[in-house]
Amino acid sequence: MKRSHWSIPYAIFLGVFVVLPLLLILVYALQDGSGHFTLANITRFFSDSDALGTFAVSIEVAIENTLICILLGYPAAWILANKELNRSAVTIVLFILPMWINALMRTLATAELFGMFGIPLGKGTLLFGMVYDYLPFMIYPIYNVLNKMDKSYAEAAQDLGATPWKVFWKVTVPLSMPGVASGVLMVFMPTVSTFAISEFLTNNKIKLFGTIIQENINSSMWNYGAALALIMLVIIGISTMFTGGRKEAEEALI
Amino acid sequence: MKKFLAQCYIWILMVLLYAPLVFIAVFSFTEGKVMGRWNGFSTRLYQNLFTGQMQGSSSLIAAVENTLLIALVSAAVSMLLGTIAAIGLHNMSGRGRRALTFLNNIPMINPDVITGVSLFLLFIFLHFTQGYLSVILSHISFGTPYVVLSVLPKLRQMNPNTYEAALDLGATPSQALWKVLIPQLRPGMISGFILAFTMSLDDFAVTFFTRGTIGLETLSTYIYADARKGGLTPELRPLMTLIFLIILVLLLFINVRQAKMQKSE
């Protein structure tokens, strides 16, 4: 037996547990309750002001969260990857560690912290909590790219007379774009699809798109829920094409 | 000066990131029902947790047991399936390799909700009764890609001739596998196992959609239900503090080991 055949069991597994389920989203989205083909679920979304409103809010929150994560995370990643400024490998572990703690529990603790300081729950606390949850996912891929970057490019620019500021903007930043792209991929879509977290951070005032999907599935409106999931899948496809840096996104995690 | 500013920035971010975790840890040492109200130092919550004397204790302990059982089983299967798949993938080329790599990436890119809904529809479609098995299968599906990605670099570093050399020197294929191949892959397999394990521990959305209606609760779904009822079970505070410490030790262990291995190379 050839050794390349060893991947066959996993290929079958992926077929059943990844490809088929995604196809089923498409199938259910294009069916009515009795199994007939229809586009009604899709058109319903575009006339459902509740779902549309939630969708707009989700995109807005996701864009704001992604931008704040880049603004806060890029300098942090740059400092962590800079051998002169940070010599300890433990620091980076400490930064990615919160990713592995139960997000619900962290969120609830954040909400309680706001309560203790008398800060009312709303849009502001939602963004704050989202940045808490997703900042490590932005820092880590950028750090990885900066860390592996060939330092001789920056040195060459310096030798040719560029100021440190110019070296940073014209060499370091462009070369680190794949890391930023993966960070965006790992922050933007998960923010849109968040459910449960947004309710806890806003005391049920603001819902995000993931919650709408969950509510429909849980109240047995599978076809409409599937249609909403399909809409998200389409957006994921588009945003992956834009960022392109799919490969680094996963490799950045390891 | 520059170094001082950089250090300050890192420390401020660190304090912000850890504030909620420290908050939980601090209030695990008091008896107050509500987090944020300090009424004296006490290790009562820890005692309650270990002796099981608390309100609704049986369901919390059952949730912890379920979480660990699901994480262990799914990470173990992921490790096995992912390692075999990585060996196959390493020996593939061209279109097949690209296709499999692409499929392997999907579970990592998909948001939890999409994974959860799609697997929910799968189990409905197959008339598969949802419960332990459906949750474990779902966790295997998002854990295995991490094992594959952890084992692949080890295969690349390995000298491809050692396996053949073992066979030439008279080892049976299974001896060559266990004495030559597996020892070289073991670090990647262990990292992959730990990643799949922690992903499973942390999961909420996928479990939520695939656990069915048999009343199966993991820690995440327990916390969710608890918070919806209003007011978290106080014993969750010491529990989360302990979990946090365990994960801290595990991650530091992986990283120190990796740093050592890089040095020895």
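Start with chain A and follow its sequence: the pattern reads α-α-α-α-α-α-α-α-α-α-α-α-α. That makes 13 helices and zero strands. Keep in mind throughout that this is a predicted model.

**Stop 1: chain A as a whole**

Show the C-alpha atoms of chain A. They fill a box of roughly 70 × 65 × 30 Å along the principal axes. Now colour by burial. Of the 254 residues of chain A, 46% count as buried. Next, draw the contacts with a separation of 6 or more. In chain A, 74% of these link residues 24 or more positions apart.

**Stop 2: confidence in chain A**

Chain A has a mean of 85, and 94% of its residues reach 70 or more. Select helix α1 (residues 8-29) of chain A. Confidence in the chain is highest here, at 95. Then select helix α13 (residues 246-251) of chain A, where confidence is lowest, at a mean of 48. Where pLDDT is low, the predicted coordinates should not be read in detail.

**Stop 3: where the chains meet**

Bring chain B into view. Its pLDDT averages 87, and 97% of its residues score at least 70. For the complex, the predictor gives an ipTM of 0.85 and a pTM of 0.86.

Select the contact between the chains. Chain A brings 68 residues to it, and chain B brings 65. Which helix gives the most to the side of chain B that touches chain A? Select helix α1 (residues 2-26) of chain B, which supplies twelve residues. Colour this side of chain B by residue class: 52 residues are nonpolar, eleven are polar and two are charged.

**Stop 4: the domains of chain B**

Select residues 57-233 of chain B for domain 1, then 237-265 for domain 2. The centres of these two domains of chain B, taken over C-alpha atoms, are separated by 20 Å. Four residues of domain 1 of chain B are in contact with four residues of domain 2 of chain B. On the domain 1 side of chain B, the residues touching domain 2 comprise two nonpolar, two polar and no charged residues.

**Stop 5: the largest nonpolar core**

This core holds 132 residues. Select I25(A), A226(A), A229(A) and V117(B), which touch the most other members. Then highlight helix α6 (residues 123-148) of chain A, which gives the largest share of the core, 13 residues. Domain 1 (57-233) and domain 2 (237-265) of chain B both contribute residues, so the core lies between them.

Zoom in on V117(B). What does V117(B) contact, leaving aside its neighbours within four places in sequence? From chain A, the partners are I25(A), I213(A), I217(A), G225(A), A226(A) and A229(A). From chain B, there is F209(B).

**Stop 6: Y224(B)**

Finish on helix α10 (residues 219-229) of chain B, and pick out Y224(B) within it. Is Y224(B) buried or exposed? Count the other C-beta atoms within 10 Å: there are 21, so Y224(B) is buried. The cut-off for a buried residue is 20 or more. Show its contacts beyond four places in sequence: L104(A), A196(A) and F204(B). Last, draw a line from Y224(B) to F50(B). These residues lie 174 apart along the chain, and their C-alpha atoms are separated by 22 Å.

Note on methods: Residues are numbered from 1 along each chain as its sequence is written. Chains are lettered from A and ligands numbered from 1 in the order in which they are written. This is a predicted model: local features need pLDDT of at least 70, side-chain atom pairs count only at pLDDT 80 or more; totals for chains, interfaces and linings use all residues. Domain bounds come from an automatic or database domain assignment. Two residues are in contact if their C-beta atoms, placed from the backbone, lie within 7 Å. Ala, Val, Leu, Ile, Met, Phe, Trp, Tyr, Cys and Pro count as nonpolar, Asp, Glu, Lys and Arg as charged, and the others, Gly among them, as polar. Helices (H or I, at least four residues) and strands (E, at least two) are DSSP runs, numbered from the N terminus. A residue is buried if 20 or more other C-beta atoms lie within 10 Å of its own, exposed if 12 or fewer, and partly exposed in between; C-beta atoms are placed from the backbone. A nonpolar core is a set of buried Ala, Val, Leu, Ile, Met, Phe, Trp, Tyr and Cys residues joined through C-beta atoms within 7 Å. pLDDT is the predictor's confidence in each residue, from 0 to 100.
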